[in-house]
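User: I've got a model open on my screen and I'd like to talk through its fold and its pockets. Can you take me through it?

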Amino acid sequence: MSATAPVKTSFKEQMLLAREEAIVQTANRLLAEKGFESMTVDEVAASVGIAKASLYKHFPSKEDLAAAAMVRIMQRTLDFLASVPADDKPAAKLRAVVRWAMEVQLAGEMPLLPHQNSSLRATLMGNKGYLDRLVTISDRLGGWIQAAQADGSLDPKLPAIAVLYTLFARACDPVLGFLKAGGQQTDEQIVELVLATCFDGLAAR
């Protein structure tokens, strides 16, 4: 039996995919810079170099565009989680993930989370691609948190869900921006400082 020949993508389809990728990348950058409420479809289209009408052929609304960017960062997170060495200790895995998330934020590539009453939040809650990835990420981190609590690396008295949300919050921690604006530390030093406060606390040792 002969193998089925791969389906070739037409030049037009390749161009559409490339344009869609450029749109999502631009939206991701603007969401990281200013957030959903301040980002406009006009500036996304202008930055990509296309008409707003052309953008709407790919994404029918601002919410759909922003949701695509959020799905993208969730997939990047999943890809990073898959790259973490399986034989690392649970606490080391958690530190690696938080370090990566802060590095992405400092690079201007981490979309800001929407407000509780944002129309984007409502769209995300109905987006299967986003929710599936969020659940997978939460389950993976939750397992590492419980394992770290079991081996004594993390305080077992803390509810695992509280630890999870604390780690999630580092991906959009304003402290990173404040320290970077101060110009006293490099990005690497900022990441290590926030990692220390997150995992080691503020009490003198």
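This is a predicted model: local features need pLDDT of at least 70, side-chain atom pairs count only at pLDDT 80 or more; totals for chains, interfaces and linings use all residues.

User: What does the secondary structure of the chain come to?

Analyst: Reading along the sequence, you go through the pattern α-α-α-α-α-α-α-α-α-α. The C-alpha atoms of this chain fill a box of roughly 60 × 55 × 35 Å along the principal axes. As for the count, the secondary structure comes to ten helices and zero strands.

User: How are helix 1 and helix 2 placed relative to each other?

Analyst: Helix 1 covers residues 11-34 and helix 2 covers residues 41-48, and their axes come within 9 Å. The crossing is right-handed, and its angle is roughly 125°. Angles from 65 to 115 degrees count as roughly perpendicular and those over 145 as roughly antiparallel. Helix 1 and helix 2 are therefore oblique to each other.

User: What about helix 7 and helix 8, and which hand does their crossing have?

Analyst: The axes of helix 7 and helix 8 cross at roughly 120°, coming within 10 Å. That angle makes helix 7 oblique to helix 8. The hand of the crossing is right-handed.

User: And at what angle do the axes of helix 5 and helix 10 cross?

Analyst: The axes of helix 5 and helix 10 come within 10 Å, and helix 5 passes helix 10 in a right-handed crossing. The two helices are therefore oblique to each other. The crossing angle is roughly 140°.

User: Which side-chain oxygen reaches the backbone nitrogen of Val175 at the start of helix 9?

Analyst: Helix 9 spans residues 174-182, and a side-chain oxygen reaches to within 2.9 Å of that nitrogen at the helix start. A polar contact needs N or O atoms within 3.5 Å. The oxygen belongs to Asp173.

User: Now the pockets. Which helix gives the most to the lining of the largest pocket?

Analyst: The largest pocket has a volume of about 660 Å³, and 26 residues line it. Helix 4 (62-83), helix 5 (90-106), helix 6 (119-125), helix 7 (128-150) and helix 8 (160-169) each supply at least two of the lining residues. The most, with five residues, comes from helix 5.

User: Which residues lie nearest the centre of the largest pocket?

Analyst: By class, the lining has 24 nonpolar, one polar and one charged residues. Tyr counts as nonpolar here, as do Met, Leu and Phe. Nearest the centre you'll find Met74, Leu113, Tyr130, Leu134 and Phe168.

User: How much space lies in the second largest pocket, and which residues line it?

Analyst: There is about 180 Å³ of space in the second largest pocket. Its lining divides into seven nonpolar, one polar and one charged residues. By name, they are Leu94, Leu154, Asp155, Leu158, Val163, Thr166, Leu167, Cys198 and Phe199.

User: Which elements give two or more residues to the lining of the second largest pocket?

Analyst: One of them gives the most, with three residues, and that's helix 8. Taken together, the elements that give two or more are helix 8 and helix 10 (187-200).

Key
Residues are numbered from 1 along each chain as its sequence is written. Side-chain values use heavy atoms; hydrogens and water are left out. A polar contact is a pair of N or O atoms within 3.5 Å; within protein, one must be able to donate a hydrogen and the other to accept it, and residues adjacent in sequence count only if both atoms are side-chain atoms. Helices (H or I, at least four residues) and strands (E, at least two) are DSSP runs, numbered from the N terminus. On a 1 Å grid over the protein atoms alone, a cavity is a set of points where a 1.4 Å probe fits but cannot get out, and a pocket is an open set with protein on both sides within 12 Å along at least five of seven lines; lining residues have an atom within 4 Å of a point. Grid points are joined across faces, edges and corners, and a volume is the space filled by probe spheres set on the points. Axes are lines fitted to C-alpha atoms, for helices over the stretch in contact, and angles run from 0 to 180 degrees between N-to-C directions. Angles under 35 degrees count as roughly parallel, over 145 as roughly antiparallel, 65 to 115 as roughly perpendicular and the rest as oblique. A crossing is left-handed if the near helix is turned anticlockwise from the far one by less than a right angle, and right-handed if clockwise.
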